[in-house]
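Please take a look at the structure on the screen, and I shall then go through it with you.

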Amino acid sequence: MGFDVQLILLALAPVFVGCIAWEMVWWHRRGDDTVYRWRDTLCNTGLALLHQGADKLAWLFVIPIYAWVYNHWRIHSFDSSWTSLVALFLVQDFLYYWFHRMSHRVRWLWAAHSVHHSSEHMNLSTAFRQSLMYPIAGMWLFWLPMAWLGFQPALIVAIVLLNLAFQFFVHTQAIPKLGPLERLLNTPSIHRVHHARNAKYIDRNYAGVLVIWDRLFGSYVEEDPTEPCDYGTVKRVVSFNPLTVTFSEWRGMFSETFHAKTWNDRIKLLFAPPEIAESVATARREELTVSNAQ
Ligand SMILES: [Zn+2]
Ligand SMILES: [Zn+2]
């Protein structure tokens with residue numbers, strides 16, 4: 001491929017920045033200066049740059065692994081016909097759904113993904129909030145079956161990045177529900193719900209591009225005009241320093257695992273759903289407080 005597919009997001013950066021500028025002006029003209037906060041937007045931008053750097057580095061290691069599986073183990077060979085490209089898109093969007101769902105339900109993956117959710121603001125720049133730790137968390141493993149199915153590594157990288165690029169546009173409060181599109185695609189309304197911590201909304205709407213996976217696998221919930229989204233994570237991260245934000249959940253996870261009493265607790269602290277890990281950690285903290293007081 002003449003064009004380095006890894007640069008897709010960088011090539012689209014002017015579009016992203018232009019849209020953010022438009023949205024900032026749009027809210028300002030409506031007299032609402034609470035949607036964008038400079039410190040939050042700068043933190044998001046810092047996180048985007050760190051993520052881009054880490055991603056570029058990670059592809060150096062990951063692409064050869066995809067190539068090895070593709071060359072030695074593939075069960076089929078997809079060409080570059082339209083039907084193959086449609087299959088590429090559908091398979092990756094399906095795998096994205098499961099990657100995203102597990103990122104909310106397995107603490108090890110949540111440690112990376114929580115960065116994307118820890119802002120209490122919701123605007124286009126929130127899409128920039130990514131974690132440089134995704135390669136360590138193992139996000140790339142979710143795309144590995146695509147190499148085995150017979151998609152070329154460069155196409156895998158391209159579709160992963162295009163899916164992410166699409167998702168930039170759903171991070172906004174400026175766009176209302178989109179009628180019949182809500183049935184098919186991930187939209188701003190659907191993704192607002194995903195970023196909300198209201199009991200009714202939390203851990204719902206994992207879609208990348210197509211919302212059909214949420215509808216099929218029972219994780220879809222519609223935005224309710226009588227229940228406004230409360231954005232952010234249950235466990236608040238009070239920092240605008242991109243590195244503090246990046247490592248906050250990892251530090252908590254390792255420290256709690258280190259101080260755990262049993263191996264069963266350690267497994268839960270690392271791999272259980274975040275709220276279960278949290279209850280294990282809280283119980284242990286209370287135990288330690290009592291024994292310190294004695
Ligand atoms: Zn998420
Ligand atoms: Zn998001």
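Let me begin with Asp230, which is partly exposed because 13 other C-beta atoms lie within 10 Å, and partly exposed residues fall between the limits of 12 or fewer for exposed and 20 or more for buried. Please bear in mind that this is a predicted model. Asp230 sits in the loop between α9 (212–216) and α10 (242–258). Which residues does Asp230 contact, leaving aside its neighbours within four places in sequence? They are Ala196, Arg197 and Asn198. Leu184, by comparison, is 46 residues away from Asp230 in sequence, and the C-alpha to C-alpha separation of the pair is 25 Å.

I turn now to the domains. The domain assignment gives domain 1 as 5–216 and domain 2 as 242–293. Taken over C-alpha atoms, the centres of domain 1 and domain 2 are separated by 28 Å. Where the domains meet, 16 residues of domain 1 are in contact with 13 residues of domain 2. On the side of domain 1 that touches domain 2, α2 (38–73) and α4 (107–117) each supply at least two residues. The largest share of that side, 6 residues, comes from α4.

Is α4 largely enclosed or largely open? It is largely enclosed by the rest of the structure, because 10 of its 11 residues are buried. Among the buried residues of α4 are Arg107, Trp110, Ala112 and the histidines His113, His116 and His117. What covers the buried residues of α4 includes α2, α3, α5 (134–137), α10, α11 (263–271) and α12 (274–293).

In soluble globular proteins, nonpolar side chains tend to be buried together. Here the largest nonpolar core has 48 residues. Those with the most contacts inside this core are Ala112, Trp143, Ala147, Phe151, Ile156, Val160 and Ala207. Two or more residues of the core are given by each of α2, α3 (82–105), α4, α6 (144–149), α7 (153–168) and α8 (188–194).

Finally, consider Ala147 from that list. Leaving aside its neighbours within four places in sequence, Ala147 is in contact with Tyr66, Val69, Tyr70 and Arg74, and also with Pro153 and Ile156. Of these contacts, Ile156 is itself among the core residues with the most contacts.

Thank you for your attention.

Key:
Residues numbered from 1 in each chain as written. Chains lettered and ligands numbered in written order. Predicted model: local features only at pLDDT ≥ 70, side-chain atom pairs only at ≥ 80, totals over all residues. Helix = DSSP H or I, 4+ residues; strand = E, 2+ residues; numbered from the N terminus. Contact = placed C-beta atoms within 7 Å. Domains from an automatic or database assignment. Core = buried A, V, L, I, M, F, W, Y, C linked by C-beta atoms within 7 Å.
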